[in-house]
Amino acid sequence: MSSAFYRDLQSASEIESNGNIAAEPAPAKNGKARTALPDLPADFETRHIGPRDAEIQQMLALLGFESLAHLIAQAVPASIRLARPLQIGKPRSEAQALSNLKTIASKNKIFRSFIGMGYANCITPPVIQRNILENPGWYTQYTPYQPEIAQGRLEALLNFQTMVIDLTGLEIANASLLDEATAAAEAMAMSYGLHKGKANAFWVSELCHPQTIDVVKTRALPLGIEVIVGDHRTFEFNSPDSPIFGVLLQYPATDGTIFDYQEFVNRAHAAGALVTVAADLVSLTLLKPPGEFGADIAIGSTQRFGVPLGYGGPHAAYFATKEAHKRQIPGRLVGVSKDALGQPALRLALQTREQHIRRDKATSNICTAQVLLAVIAGMYAVYHGAEGLKQIADRIHTLTAHLATQLQQQGYIVSETFFDTLRIEVGSQQAVIFQNAIDHQINLRKIGTDAIGITLDETTTPQDLTDLLALFPPLSSSLHPPVCPSAHSPIPSSLPRTTPYLTHPVFSAYRSETEMLRYLYRLQSKDLSLTTAMIPLGSCTMKLNATSEMIPITWAEFGQIHPFVPIDQTEGYQIMFRQLEQWLSEITGFAGISLQPNAGSQGEYTGLLVIRQYHESRGEGHRKICLIPESAHGTNPASAVMAGMKVVPIACDSEGNIDIGDLRQKAEQHGENLAALMVTYPSTHGVFEEGIREICEIVHAHGGQVYMDGANMNAQVGLCRPADFGADVCHLNLHKTFCIPHGGGGPGMGPIGVQTHLVPFLPGHAVVEMFSDSQRNPIGAVSAAPWGSGSILPISWMYIAMMGDRGLTQATEVAILNANYIAKRLEGHYPVLYKGKNGLVAHECILDLRQFKKSAGIEVDDLAKRLIDYGFHPPTVSWPVAGTVMVEPTESESLQELDRFCDAMIAIREEIREIEAGQVDRDNNLLKNAPHTAAALLVDTWERPYSRERAAYPTAWTKANKFWAAVARIDNAYGDRNLVCSCLPMEAYQTL
């Protein structure tokens with residue numbers, strides 16, 4: 001990127017960022033000020049924040065405070081309070097913010113892109129775009145940890161898994177990963193863990209996509225894995241110095257060539273290596289699937305299954321393997337079980353292998369999937385079916401073959417084998433052809449210094465081929481005489497697909513839009529989202545995802561941009577990135593921001609890699625010890641191990657705070673080797689720890705860096721800044737604090753902020769030059785795209801722009817108010833486990849239910865399932881303390897909804913008292929039998945010791961607004977013992 005472009009970008013950014021500030025009234029010619037005319041009301045704050053002013057005063061009165069300022073002064077330690085207002089700017093109205101962002105987006109140039117490299121234009125079926133991508137009934141759902149109220153998206157994910165299994169020819173697939181490059185790195189890690197010998201090298205084909213190689217190298221370095229990049233046609237598995245535990249192949253190759261890898265796979269297996277194949281799913285409708293030529297793992301992207309390019313994301317990756325490796329497969333896995341009535345039911349399977357349980361023993365830190373995008377991709381397959389997907393593939397392949405023929409007739413040497421991508425040898429003509437393309441608003445790929453790559457896709461037209469051919473000047477016959485096109489098929493004779501796929505009826509039952517629409521809404525009706533009720537999940541921050549924030553993500557100016565187009569075509573994106581980085585820097589106090597990590601778990605990992613590289617740059621690479629409180633989220637220790645660190649746990653005291661004495665002792669003990677402390681603030685116990693400054697000082701005094709988990713940033717914005725009280729690095733969950741929806745468990749974004757001394761080490765990228773500063777020493781890429789999931793960043797931009805500095809601060813204050821209101825209303829019924837110095841909680845509270853097991857035989861899950869009958873998604877269950885629930889209401893919930901939740905919790909407490917008093921059987925009661933489905937109630941003989949009405953309609957609200965769980969309580973153990981991870985027979989679905 002040229003310095004001139006950076007200067008232009010900076011001035012454009014300044015113009016746009018100042019566009020939200022109303023100009024001062026200009027003086028009239030006679031010297032008197034003109035009267036300011038009224039602008040659009042910037043009242044989004046009042047839409048985003050739930051309680052009205054009068055209700056806020058009512059809540060404060062219950063808590064004994066005169067004002068929000070009085071409450072915050074008592075809840076947030078004075079030693080860390082920000083002494084000035086945020087400097088974000090005045091709030092914009094929804095219309096104004098959309099107009100401003102549209103102006104920025106218009107600076108992007110939408111060229112026709114034939115770059116390929118794992119990304120392709122596609123057509124999102126309108127029925128899917130409107131009814132999934134743009135539908136809050138789908139995008140405001142949470143991770144399906146409560147499967148009884150998540151059967152719709154679980155079925156959609158089962159469709160996705162079945163699609164992947166069928167197309168790859170392997171036996172089991174997960175419910176998606178973050179992107180293709182991440183999936184390749186996960187495959188490397190899984191292969192390393194499965195290998196029984198001492199091999200320490202991972203071989204990667206030089207014909208893999210360069211961004212994949214980049215991320216694999218990043219992930220390998222801290223683990224001490226040697227990455228060998230080479231040519232599979234010449235590589236020999238006989239080096240005693242670098243025994244190979246796994247290999248990675250691209251199919252078709254990044255330049256489009258289709259290789260028959262069978263012989264290479266056989267040699268790899270003979271050498272004891274596992275084989276991973278990164279495969280294009282559309283091509284697998286025509287090509288032999290990887291599972292049929294011996295692949296152990298298949299990975300790739302499902303972006304071209306109806307998901308827009310979006311400048312690189314979000315897109316769902318897939319990961320398939322053999323069933324023998326089911327306990328090592330990373331990410332989430334949807335499986336079939338049965339409910340209490342014996343009916344088929346879906347749930348997340350084999351969760352004991354995941355990071356939140358295995359912690360530092362986990363092989364992956366992935367705590368999210370790209371659920372919303374996986375749902376879209378799976379529904380794309382449902383919409384088209386096997387015959388539709390093959391028709392798309394045949395058309396793309398036919399157009400590619402025609403283009404190849406025409407180019408050969410013009411004298412060019414073209415790939416002999418291909419599916420949708422051609423490598424054209426152009427010699428010294430490369431620069432001319434590339435410039436011709438730019439002049440005609442077409443993007444091609446440069447391959448080396450003498451070749452051009454062209455990838456066709458679902459949207460390619462015959463006119464596109466005419467325009468592409470016009471870019472290539474016919475070669476002089478004296479230099480390169482035209483050659484006759486090859487008569488052989490561009491697909492090797494050993495590789496045409498012969499096996500069927502997508503044979504399950506779900507992929508043929510919904511051909512008409514009427515049926516497809518009804519299917520989508522049947523699934524949606526089985527899932528509780530924010531469209532139904534509050535989702536009070538602690539540490540998850542399920543706040544409003546406003547419609548105005550969501551509108552820009554489907555604008556063509558953001559959606560139709562390939563991640564590797566020339567940077568000067570993305571001026572709008574760059575302006576938005578810079579503004580968002582500046583805002584996040586102001587909010588956190590950090591000097592530098594990287595937007596590349598495309599999930600919170602990736603943000604954690606990236607932050608630790610930056611710390612690692614900082615120590616390496618100072619000659620202190622021996623610093624490997626990472627201190628982590630015992631209460632930390634499971635991704636923290638998993639991320640630390642992936643970053644090559646050794647985890648040392650730190651105890652917590654009886655109040656839930658970090659035990660500073662234990663921290664001091666461990667810091668001294670490991671001082672010479674101390675790399676970092678990972679700390680969540682406010683703590684995972686829901687309180688502002690008074691000693692946070694001292695905690696940071698202890699770590700710094702022993703040469704370590706402080707990594708702050710930003711999961712609870714929603715309690716800090718506008719009140720305190722992590723950089724000011726000692727954090728060196730912090731990741732930000734944009735899908736929590738900054739309003740990107742959770743999308744059923746993804747997409748997410750986890751950018752990091754760093755202090756000045758760490759800025760040089762922020763992530764770079766092998767394909768796109770991200771920095772003009774030659775002093776940078778970036779870590780490698782952590783995501784496939786340089787700015788992660790760029791197309792969803794407009795959501796956070798809109799939120800911050802519409803809230804302004806005061807609105808953001810007020811949101812934090814009300815989030816703290818709402819949590820304390822709930823704690824106060826419920827403390828007489830459920831003990832609040834941890835409170836801060838002044839008896840207050842932060843933005844969430846932990847309610848202790850452990851006493852009920854002894855007094856009434858009631859477990860925490862019983863209360864959670866009974867809450868479903870009251871129309872609520874249960875709070876976070878048994879984390880960070882077993883037998884408790886963590887409640888986080890967010891600032892977006894109204895007093896009416898808070899009271900409805902409190903009333904439900906109090907009513908359930910009374911139901912428990914009936915058991916304690918012996919009035920109701922300990923094993924046959926409202927809680928043990930919850931949730932109550934319509935099928936459970938509509939029976940001829942009712943033998944339970946309570947009425948049907950009390951089971952189904954415990955409140956007046958439920959009588960008018962009943963949300964029915966689709967299945968009764970699910971038997972998780974049965975599903976793990978009898979693992980099924982692909983679609984059921986069609987008739988079984990009728991009972992779901």
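**Aromatic rings in the predicted model**

Tyr 573 counts as buried, with a relative accessibility of 0% (buried is under 20% relative accessible area, exposed over 50% and partly exposed in between, using a 1.4 Å probe and protein chains only). Tyr 311 is buried too, at 1% relative accessible area. The model is a predicted one, so local features need pLDDT of at least 70 and side-chain atom pairs count only at pLDDT 80 or more, while totals for chains, interfaces and linings use all residues. Residues are numbered from 1 along each chain as its sequence is written, and side-chain values use heavy atoms, with hydrogens and water left out.

Now for the pairs. Rings of Phe, Tyr and Trp (its six-membered ring) pair up if their centres lie within 6.5 Å; planes under 30 degrees apart are called stacked, over 60 edge-to-face, and the rest tilted. Counted this way, there are 31 aromatic pairs. Tyr 311 and Tyr 573 make a stacked one, because their ring centres are 4.6 Å apart and their planes sit at 25 degrees. Tyr 311 is in the loop between β7 (297-301) and β8 (317-321) and Tyr 573 is in helix α19 (residues 571-588), so this pair ties together parts 262 residues apart in sequence. Helices (H or I, at least four residues) and strands (E, at least two) are DSSP runs, numbered from the N terminus.

Tyr 311 and Tyr 573 also belong to one aromatic cluster, along with Trp 555, Phe 558, Phe 577 and Trp 787. Lys 102 lies over the face of Trp 555, at 4.3 Å from the ring centre (the rule asks for NZ of Lys or CZ of Arg within 6 Å of the ring centre and within 35 degrees of the ring normal).
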